[in-house]
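Work through the exercises below with the coordinates open, trying each task before reading its solution.

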Amino acid sequence: MQQTNDVIIAGGGLAGLTAAIHLARAGLKVTLFEKHAYPQHKVCGEYISNEVLPYLRELDADPSVLQPSQLHKFQFSSQRGTLISATLPLGGFGLSRYALDQFLMHKAVSHGCTIVQDSVVSIVDNDDQMAIKTASSGNFYAKYVMGAYGKRSGIDQHLDRDFIKHKSPWLAVKAHYTGSYDPELVALHHFKGGYCGVSTVENGLINICYLTDYKTFKRYRNIEDFQEQVLFKNPHLKDIFRDCHMVFDAPLSIGQISFEKKEAVTNHVLMVGDAAGLIHPLCGNGMSMAILGAKLASSLLIKQFESKHHHSRAMMEQTYAREWTSHFKQRLSMGRSLSDLLQNDFLSSFLTASVARFPFILPHLIRRTHGH
């Protein structure tokens, strides 16, 4: 039996759930597939720029009910511990993915979205209709499909996306902690081979999430040994870890994180969130980009359905790819450039010294990776 939808969304993270709310509120028949049950902790910096608040409020999904931390201060430290402080131009808030994804999931369901716990195996264009094969729920059909399945997936291999053919050297580790930490501060601490973000989320918990290259990490026996021998070379990270107590049984980790360029549309699938492009964590704005990418795609799809004279699918896809590039290309390029600079010891020291001498540079750099 064919199960036909207006839109099918593959992946139920921030981008997928936000799109589901937006589309379902507009009266479209939406089915979202997510392989994991809600709620679940995810490897994520859990800092969100305030640029997304007007949009979330439009969707009746104001995250303030979850009592997030309010983040207004920013600090950056070099490998050797040189510390630079600034005020976040827009400000932001801290929320765990455990709480936020659960909240958005209930909002999507309340507006009529069907959520199925299953994996999408393949997506095929079938005579101007998209055919979706799942691991255990059968086949589904829709006019349009969104890919919101995160950083990398078996679907990327099925769609023969170029970036999936290359190994990535990046590994990320995250855990929640209790301890004494400024609740308004989001900090980024540099260490050899990577960066560590520290900020609070709801209930006063401290989220510590770091990115490292696998070449450096594999020299050590385990996460604890790596942290002791590498992260603790930065005195600020040493103090933070030794003053905090981990509340997880063990840290979460994820490998093969690729920052290579991706396409916003692949085989007629509209990519959103990390599936469309991943900004370096040192820019701290991936969650906002996921939410705003969902807005771009959802708005175009709603216009497509509401138009009396439907534009061609190709025209809509070209518009989405162009708008996605317009909104996010500069942010991604800035993230890659900063990462390249900080990976070079000499350039990293020069950049840190320059920003310390001319502190007005730091808010400018932050604005280049954030919206309005």
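Predicted model: local features only at pLDDT ≥ 70, side-chain atom pairs only at ≥ 80, totals over all residues.

Residues are numbered from 1 along each chain as its sequence is written, and side-chain values use heavy atoms, with hydrogens and water left out.

**Exercise 1.** Determine how α1 packs against α3, and which residues meet.

Solution. Begin with the elements, since helices are DSSP runs of H or I with at least four residues and strands are runs of E with at least two, numbered from the N terminus. Helix α1 covers residues 14–25 and helix α3 residues 97–110, and they pack at about 25° with axes 8 Å apart, the axes being lines fitted to C-alpha atoms over the stretch in contact and the angles running from 0 to 180 degrees between N-to-C directions. The pair is therefore roughly parallel, a class that takes in angles under 35 degrees. Next, list the contacts (heavy atoms within 4.5 Å): L14, L17, T18, A20 and I21 of α1 meet R97, L100, D101, L104, M105, K107 and A108 of α3. By class, the residues of this contact are 8 nonpolar, 1 polar and 3 charged.

**Exercise 2.** Carry out the analysis for α1 and α8.

Solution. Helix α8 (residues 286–306) packs on α1 at about 35°, with the axes 8 Å apart. On the α1 side, L14, A15, T18, A19, H22 and L23 take part, and their partners in α8 include M287, A290 and I291. The residues of this contact divide into 10 nonpolar, 4 polar and 1 charged.

**Exercise 3.** Is S96 buried or exposed?

Solution. First locate S96, which lies in the loop between β5 (83–94) and α3. Its relative accessibility is 1%, so S96 counts as buried. Finally, with neighbours within four places in sequence set aside, S96 is in contact with E46, H176, V201 and E202.

Terms used. Parallel < 35°, antiparallel > 145°, perpendicular 65-115°, else oblique. Nonpolar A, V, L, I, M, F, W, Y, C, P; charged D, E, K, R; others polar. Buried < 20%, exposed > 50% of the residue type's maximum accessible area, 1.4 Å probe, protein only.
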